[in-house]
Amino acid sequence: ARRTTEAPPFATMGGGFDYSKWDKLELSDDEDDHPGAQFIEANTLRRIKRQSHEQKTEEKNQKIQSLMGEMKDALKTIAAVKHDAGDAPLTEEQELATRAAQEKHDAARAAIDAEERERKFNAEEWCHVSNTFDRSLVGAACVADEGEEELEYEPYVKKYGEQLEEVARANFNDYADMAEHFQLRTHLLTEHSMGWMLLKCLFLEMDGKRDEMRIAAKVGYALKCVLDFAEAGGKTMKDAARPFFTRLATHPEVLTEYHKSLDDYVDKLVQRAKEKKLEEEAEKFAAQSSLAQAAAIDEVPREERLGPGGLDPVEVFDSLPKEMQDAFESGDVDKLREFVNGLSMDEARHHMRRMVDAGLWVPKPGEEGSALQPGPDATEEDEEEEEEEEE
């Protein structure tokens with residue numbers, strides 16, 4: 001018969017063990033109260049019970065996902081209202097909208113907690129225990145996403161890009177809200193997330209979006225500090241997150257120093273964004289000048305205009321696709337890169353290698369081996385074609 005274990009009387013005493021976590025464990029014998037149990041093979045009966053349990057678990061998980069979506073929508077609403085208000089005090093209408101969204105968020109959070117408390121596990125699920133945010137997650141349905149450390153940066157961003165965008169826009173009321181957000185999304189507590197957030201801040205500042213940059217920087221700096229805290233204690237970021245945020249909440253003097261460091265972090269981001277913008281403008285100007293000169297090189301005698309690889313830039317230019325020729329003539333570097341990136345790798349390497357050998361393109365350090373510079377692994381066919389063109 002199905003039964004539920006009960007905690008012994010001393011379970012709640014100060015010196016005893018707390019057995020309450022076993023209350024939701026489903027147990028069953030081979031015998032069962034099923035009306036047709038005597039006619040059903042034991043294995044079949046267990047399979048029916050397992051399928052029923054899995055179905056209920058899936059329904060519960062779907063409900064929790066729906067509630068998490070409501071929490072996410074509420075946070076977006078609060079962030080949007082505060083963004084619209086800017087530095088000005090909230091109007092009465094905005095206050096009401098914020099309060100309603102916060103109540104919706106809290107109600108969804110309470111509903112999720114209730115669902116988790118009522119969750120039951122079978123023996124197979126009970127054997128899995130994972131420490132996340134200093135708490136035990138029991139059961140297969142509660143297993144956190146723990147495979148993200150194996151992902152490289154690009155696949156990680158592709159998988160979690162939307163969630164990173166969301167957290168970059170989340171204007172948290174305090175660090176307790178941020179801690180709760182990451183507690184539900186521990187897979188974002190990685191070095192990849194920190195690097196992505198740093199780039200996001202730079203791009204926002206370069207686009208003149210200072211307020212949005214500060215919101216993202218608050219999250220980015222928290223991730224950086226969690227990483228530093230984890231490395232100092234020999235922990236993972238998941239294990240270090242909760243004590244880090246708890247320390248900020250319980251030590252006002254630490255929070256004060258943290259805010260000063262955050263301001264320094266933002267100032268460095270602003271300065272780096274200025275430098276990067278100047279670098280890009282200088283690079284674009286130099287490239288445009290180079291392209292403009294290359295487009296007018298047909299006025300130079302052939303013997304004097306041969307490129308470093310011995311190819312005639314005029315002949316190479318005439319052999320390029322029309323889109324590339326138009327980019328050269330207009331001096332539009334972005335247009336040239338966009339067209340080249342749309343070609344197959346072999347075709348892009350072929351054109352770019354000939355352009356380099358003709359002196360039409362000078363690759364920057366780091367472009368060797370890319371589509372913008374073929375590098376040492378160019379095919380013999382390309383070399384033979386170039387030798388024929390030289391002849």
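Reader: Why does Tyr258 count as buried?

Author: A residue is called buried under 20% relative accessible area, exposed over 50% and partly exposed in between (1.4 Å probe, protein chains only). Tyr258 has a relative accessibility of 6%, which is under 20%, so the word buried applies. Please note that this is a predicted model, in which local features need pLDDT of at least 70 and side-chain atom pairs count only at pLDDT 80 or more, while totals for chains, interfaces and linings use all residues. Residues are numbered from 1 along each chain as its sequence is written, and side-chain values use heavy atoms, with hydrogens and water left out.

Reader: What makes Tyr175 and Tyr258 an aromatic pair, and which kind of pair is it?

Author: Rings of Phe, Tyr and Trp (its six-membered ring) pair if their centres lie within 6.5 Å; planes under 30 degrees apart count as stacked, over 60 as edge-to-face and the rest as tilted. By this rule there are 7 aromatic pairs. In the pair of Tyr175 and Tyr258 the centres are 5.3 Å apart and the planes stand at 90°. The distance is within 6.5 Å and the angle is over 60 degrees, so the pair is edge-to-face.

Reader: How do you know that this pair ties together parts that are apart in sequence?

Author: Helices (H or I, at least four residues) and strands (E, at least two) are DSSP runs, numbered from the N terminus. Tyr175 lies in helix α5 and Tyr258 in helix α9, 83 residues apart in sequence, so their pair ties these parts together. Tyr175 has a relative accessible area of 10% and is therefore buried. Both tyrosines belong to one aromatic cluster, together with Tyr221, Phe229, Phe244, Phe245 and Tyr265.

Reader: How do you know that the charge of Lys218 sits over the ring of Tyr175?

Author: The rule asks that NZ of Lys or CZ of Arg be within 6 Å of the ring centre and within 35 degrees of the ring normal. The charged end of Lys218 is 5.1 Å from the centre of the Tyr175 ring and counts as sitting over that ring.

Reader: What makes up the largest nonpolar core, and which residues touch the most other members?

Author: A nonpolar core is a set of buried Ala, Val, Leu, Ile, Met, Phe, Trp, Tyr and Cys residues joined through side-chain atoms within 4.5 Å. The largest one has 46 residues, and Phe182 and Phe245 touch the most other members. Two or more residues come from each of α4 (153-169), α5 (175-184), α6 (191-206), α7 (210-233), α8 (237-250) and α9 (252-295). The greatest contribution is that of α7, with 11 residues. Contact means heavy atoms within 4.5 Å; leaving out residues up to four places away in sequence, Phe245 touches Tyr175, Met178, Ala179, Phe182 and Val226. Another core lies apart from this one and has 18 residues, including Phe317, Leu320, Leu343 and Ala348.

Reader: What share of the protein is buried?

Author: Buried residues make up 36% of the 391 residues. The protein has 15 helices and 4 strands.
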